[in-house]
Amino acid sequence: MRELSSTREAYGRTLALLGKENPDLVVLDADLSKSTMTQYFAREFPERFFNCGIAEQNMMGIAAGLAASGKTAVASTFAVFASSRCFDQLRICISQPRSNVKVIATHGGISVGEDGLSHHSIEDLALVCALPGFTVLVPADDVETELAVRMACALPGPFYIRLGRPKVPRLFDNTYQLTYGKAVVLRQGYDATIVATGLMSARALEAADSLAQEGIECRVLHMPWVKPLDEEAVSQAAAETGAIITAEEHLQHGGLGSRVAQFVVRHSPVPMEFVAMKDVYAKSGTPDQLLQRYGLSAEEIVRAVRSSVASKKRLLK
Amino acid sequence: MIEAQRTDRELQLIARNLRRHIINMTATAGSGHPGGSLSSVEIVATLFFRVLRHRPTEPEWAERDRFILSKAHAAPLLYAALAETGYFPTTELGTLRKLDSRLQGHPDKICPGVEMTCGSLGQGLSFGIGTALAARLDGLGYRVYVLLGDGECDEGQVWEAAMAAAHFNLDNLIAVIDHNKIQLDGWNKQIMNVEPLAEKWQAFGWHAMEVDGHNIPEIQEAFGQTGSPKGKPSVIVAHTVKGKGVSFMENNPDFHGKAPSAGEAARALRELE
């Protein structure tokens with residue numbers, strides 16, 4: 001078993017460290033600092049922390065104003081509020097002027113769990129990827145989260161980083177290096193490629209282990225960058241493995257699967273399967289129950305891989 | 001730099017000239033929003049020619065006062081004021097709304113002197129709060145002026161921002177409401193009543209003043225009273241007439257978002273001679 005790690009805890013700790021390194025870093029929250037973990041920054045740098053109350057739209061505008069005055073502005077709330085509630089503010093105040101605002105959202109996906117459908121963020125990647133200029137990424141564990149937050153704060157322009165509520169398996173050690181726009185091969189294989197993001201990458205590895213026992217060797221490509229997509233890695237995966245399965249904690253439209261498919265159909269068509277939420281909202285339950293119920297499991301990835309490998313064989317006949 | 005203080009009479013002539021620009025620009029473009037541009041003329045003229053500390057040849061000067069046009073459909077007026085103060089040549093005004101012009105239908109940062117992309121109502125004050133907070137963090141003395149429409153106050157975000165500005169004690173933030181009492185579909189009181197306006201801002205913790213929004217000395221005096229009491233943001237509710245200065249546009253909701261025809265423009269310009 002892999003050790004468990006918390007992405008939002010890593011985020012909060014990283015921000016507090018960055019506060020020392022960068023005097024121009026400011027952080028905003030919308031009355032969720034104890035959950036998003038911006039509270040660590042708030043404690044150390046109260047004069048650079050702005051709690052905007054339960055008013056996310058206003059928060060995004062304030063963040064843009066701070067950014068326009070030379071600050072690196074980090075705005076945090078839950079993913080549902082950061083994306084769908086504030087979409088127009090992300091568009092007008094952040095995307096259109098390419099503001100130096102880092103929207104770092106916690107509680108992404110359905111692994112929010114018991115809070116139920118109003119709090120399950122399953123559209124956020126589609127929404128934010130639709131906005132020109134945004135870099136969108138979903139780290140897989142705490143190690144990658146720290147690197148992602150550091151990189152976002154060091155680079156200019158709008159970022160959306162989606163973190164989760166529950167603890168997730170740690171995939172990386174301290175030798176890991178995150179490169180802008182680059183996917184990471186977690187496991188090599190030539191029968192099919194699983195392209196996964198966020199907590200689904202650990203599940204993709206589980207699925208690959210189980211598939212190996214039946215003689216299917218999968219490549220597992222962890223794709224923290226939903227936008228920009230690592231097209232080179234996808235292209236190579238298509239050419240070398242001939243089948244692609246995407247896995248994400250998001251609706252099947254508009255997120256990682258759609259973006260990979262859009263590239264694959266144009267440049268290197270191969271059979272594809274999509275492990276994602278179908279066109280429904282989930283219910284209350286524990287994170288694991290929900291991921292299982294709504295098909296975001298290693299078993300579902302296994303089924304999708306078998307199906308795409310079968311399609312590939314039919315095509316080769 | 002702006003030259004020494006102008007007389008009220010000179011400022012009135014400047015206002016008339018801005019109105020002529022608005023008519024010419026919207027007529028040439030064939031679209032745009034003359035009504036709400038004309039109602040804000042004296043407010044913007046007083047700001048740009050008397051109140052703002054700005055350097056038109058150095059638009060990114062860090063210590064400049066910020067002017068944010070939250071009622072962004074009044075873009076023709078903003079462009080006219082920017083051109084007349086020297087941000088770019090007045091000849092460029094004829095490019096309003098044309099492909100590749102810096103003068104977009106609603107302001108974008110590609111135009112020198114434009115602080116933020118605006119056009120989706122209700123967002124300017126939030127942005128203003130961010131810039132006002134930055135002034136405080138950086139120990140800079142600049143002030144932030146945000147011009148809103150009265151119809152714009154229908155937007156909930158305006159009140160989120162109103163609450164936050166008072167909470168953050170931003171006495172370097174000044175909102176001006178162009179209270180022309182008309183929005184696109186008709187009179188405020190028929191579409192969505194915003195009254196009592198000054199009292200609402202007061203209740204949100206602002207220092208509220210009311211002025212005749214076409215009376216330059218009155219506007220100037222109100223700006224002089226902003227910044228105090230300490231720790232309070234100020235709002236000036238400026239009572240205005242939509243379409244002011246052109247008889248057939250005054251109080252006429254039809255000219256909220258309709259450009260004058262060639263004939264109407266000629267008539268308007270005759271009235272503005």
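**Figure 1. The two domains of chain A.** Chain A is assigned domain 1 (4-169) and domain 2 (184-316), with bounds that come from an automatic or database domain assignment. This is a predicted model, in which local features need pLDDT of at least 70 and side-chain atom pairs count only at pLDDT 80 or more, while totals for chains, interfaces and linings use all residues. Residues are numbered from 1 along each chain as its sequence is written, and chains are lettered from A and ligands numbered from 1 in the order in which they are written. The C-alpha centres of the two domains of chain A lie 26 Å apart. Across the boundary, 28 residues of domain 1 are in contact with 30 residues of domain 2 (contact: C-beta atoms, placed from the backbone, within 7 Å). On the domain 1 side, two or more residues each come from helix 7 (124-129), strand 6 (135-137), helix 8 (142-154) and strand 8 (168-169) of chain A; helices (H or I, at least four residues) and strands (E, at least two) are DSSP runs, numbered from the N terminus. That side of domain 1 holds 16 nonpolar, eight polar and four charged residues, where Ala, Val, Leu, Ile, Met, Phe, Trp, Tyr, Cys and Pro count as nonpolar, Asp, Glu, Lys and Arg as charged, and the others, Gly among them, as polar.

**Figure 2. A look into the largest nonpolar core.** This core has 196 residues, and Ala63(A), Ile194(A), Ile301(A) and Val305(A) have the most contacts inside it. Domain 1 and domain 2 of chain A both contribute residues, so the core lies between them. A nonpolar core here is a set of buried Ala, Val, Leu, Ile, Met, Phe, Trp, Tyr and Cys residues joined through C-beta atoms within 7 Å; buried means 20 or more other C-beta atoms within 10 Å of a residue's own, exposed 12 or fewer, and partly exposed in between, with C-beta atoms placed from the backbone. Now for Val305(A): setting aside residues up to four places away in sequence, Val305(A) touches Ala192(A), Ile194(A), Ala207(A), Leu211(A), Ile216(A), Cys218(A) and Ile245(A).

**Figure 3. Where chain B meets chain A.** Chain B brings 20 residues to the contact and chain A brings 22. Helix 5 (124-138) and helix 6 of chain B each give two or more residues to the chain B side, and helix 5 gives the most, with nine. By type, the chain B side divides into eight nonpolar, nine polar and three charged residues.

**Figure 4. Helix 1 of chain B and its surroundings.** Helix 1 (residues 8-29) has 22 residues and reaches 31 Å from first C-alpha to last, close to the 32 Å expected at 1.5 Å a residue (1.5 Å times one less than the number of residues). Its buried residues include Leu11(B), Ile14(B), Ala15(B), Leu18(B) and Ile22(B). Among the elements covering the buried residues are helix 4 (75-85), helix 9 (216-224) and helix 10 (262-271) of chain B. Just past the helix, Gly30(B) takes a positive phi of about 80°.

**Figure 5. Phe168(B) in its loop.** Phe168(B) sits between helix 6 (156-167) and strand 3 (173-179) of chain B. With 18 other C-beta atoms within 10 Å, Phe168(B) is partly exposed. Beyond its neighbours within four places in sequence, Phe168(B) is in contact with Ile129(B) and Leu133(B). Thr117(B) lies 51 residues from Phe168(B) in sequence and 24 Å away, C-alpha to C-alpha.

Technical notes. Two residues are in contact if their C-beta atoms, placed from the backbone, lie within 7 Å.
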